Each structure stands twice: as structure tokens, then as C-alpha cells.
Amino acid sequence: MEEKYSKILPLLLSSTATDPIEIQNSIMNESFVSPNGPEHHFIDGGSFLAAIRNSGYSIDLEECLDKLMERSLKMPGAMCGLWGVCGAAASLGAALSILNCTSPLSTDNGYKDNMELTSSIISRMSSIGGARCCKRNAYISLQIATGFVREKYGIEINIDKPIVCSYSQNNRDCIGNRCPYHKK
């Protein structure tokens, strides 16, 4: 996984897009990215952090991505089915905790906000159900996280276009019309 992450890192650092879905899709289009796999645990939160930096907010993106990479490498594949928590939700939770400098001992709103964000993401995922889809869950996570930081912190990052998945033909487990992003 470290090899894939080393290919993803420069793509995130060099991105100039302000839409996290645009950043994410550009990376997911790379030939080394699997339809479903733990590389998404880094892509999802990384796209969010890059969009925040690209929207004019002062963050040390390289430092944030290094921390996210370290945390993402600890997340196994198939978390959604085996642990009951999707890696996309964990990735966005990790990204928010990096922005808030949250730790297990934090008593400020950062701790509460991380839990609120990830539980909102998982709630939305659970309303749709499975089978797995790292693309669908990434889109859900980024949509919710974008609205969350806008509402809680005044961070204006936007998803500029309606999200329409172009990956379903590569996912033998695609749920078709049950997916809110499936091409109609």
C-alpha cells in the first residue's frame, strides 16, 4: 500500500482544484487505483484536505497529508463489512482531527465534531446499504464533510457539479439504481 500512497501524495500536493470530488476523481482515474481498496482511505481525506488548501485556507498540506498517510496505512481493507465502519468515514474523520489537532484526550469541540461527522457519514451509508463501493462511500463522505465544515467552521469548499459515477462498469458489486450517484 505504501507504494500506491507514494504515487497519490504528489497528485494531492500538485492539485489546484477546489472541488474535492474533482480532485478525488482525477486520482481514482489513475491506473494504479483499484475499484475498491484501502488506497481510498488516503485519497478521500487527502482530497478533502487539498480542496481546503486550494480554496485559500492556510494549512500545511504536506504536513497534514503525512499525518493522514500514517493514519490511513493503519486502516485495513474491507473495514466496512468486517468492522462496521467504512474507511471513507474514518479517512474524513482523520482529516478533520488533523485540522482540529484532536487527540483521544481532547476536551474541546474537536473531539465531539469528529464523532458527529463520522456518525453522520456512516448513518447515510447505512441508509443505502451494501455491497461495498469505495466510490459511492467516498462521494457520500465528501458531500457530508463539505457541508459539515461549511456549517461548523465557515470553510467554503464546494462540490461544483452533480456527482455522477463513471466507475460502475468496473465494480462487479455495483448496486445500480440504489446508488444515488449511478448514471440514470
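Modeller: Two residues are in contact when heavy atoms of theirs lie within 4.5 Å. The model is a predicted one, in which local features need pLDDT of at least 70 and side-chain atom pairs count only at pLDDT 80 or more, while totals for chains, interfaces and linings use all residues. Numbering starts from 1 along each chain as its sequence is written, and side-chain values use heavy atoms, with hydrogens and water left out.

With residues up to four places away in sequence set aside, Ser 97 touches Arg 71, Thr 102 and Asn 114. Its relative accessibility of 9% makes Ser 97 buried, a word used for values under 20%, with exposed meaning over 50% and partly exposed the range in between (1.4 Å probe, protein chains only). In the loop between H6 and H7, Cys 101 is by contrast exposed, at 65%. Cys 101 also has a positive phi of about 55°, although it is not a glycine.

The largest nonpolar core has 49 residues, of which Ile 8, Phe 42, Phe 48, Leu 65 and Tyr 139 touch the most other members. Such a core is a set of buried Ala, Val, Leu, Ile, Met, Phe, Trp, Tyr and Cys residues joined through side-chain atoms within 4.5 Å. At least two of its residues come from each of H1, helix H2 (20-28), H3, H4, H6, H7 and H8.

H3 spans residues 40-54, and its 15 residues reach 20 Å from first C-alpha to last, close to the 21 Å expected; that expected span is 1.5 Å times one less than the number of residues. Of the 15 residues of H3, 14 are buried. Just after H3, Gly 56 adopts a positive phi of about 100°.

Two aromatic pairs are present. Rings of Phe, Tyr and Trp (its six-membered ring) pair if their centres lie within 6.5 Å, and the pair is stacked with planes under 30 degrees apart, edge-to-face over 60 and tilted otherwise. Tyr 5 and Phe 42 form a stacked pair, with 4.8 Å between centres and 25° between planes. Tyr 5 lies in helix H1 (residues 2-14) and Phe 42 in H3, so this pair ties together parts that are 37 residues apart in sequence. Tyr 5 and Phe 42 are both buried.

In the other pair, the ring centres of Tyr 139 and Tyr 181 are 5.3 Å apart and their planes stand at 70°, which means that the pair is edge-to-face. Because Tyr 139 is in helix H8 (residues 134-153) and Tyr 181 in the segment after H8, parts 42 residues apart in sequence are tied together. Tyr 139 and Tyr 181 are also buried. Beyond its neighbours within four places in sequence, Tyr 139 has contacts that include Ile 21, Met 28, Ile 163 and Tyr 167. The ring of Tyr 167 has the charged end of Lys 135 over it, 5.0 Å from its centre; this calls for NZ of Lys or CZ of Arg within 6 Å of the ring centre and within 35 degrees of the ring normal.

The charged pairs complete the account. There are 8 salt bridges, each a side-chain nitrogen of Lys or Arg within 4 Å of a carboxyl oxygen of Asp or Glu. Glu 63 and Lys 67 meet in one, at 3.4 Å from N to O. These two residues are 4 apart in helix H4 (residues 61-72), hence separated by about one helical turn. Glu 63 is partly exposed at 41%, and Lys 67 is partly exposed at 33%.

Lys 112 takes part in two such bridges: one with Asp 113, at 3.3 Å between the closest N and O atoms, and one with Glu 116, at 3.4 Å. Lys 112 and Glu 116 are 4 residues apart in helix H7 (residues 109-128), about one helical turn. Asp 113 is buried at 5%, whereas Lys 112 is partly exposed at 41% and Glu 116 is partly exposed at 30%. Through shared partners, Lys 112, Asp 113, Glu 116 and Lys 152 are joined into one network.
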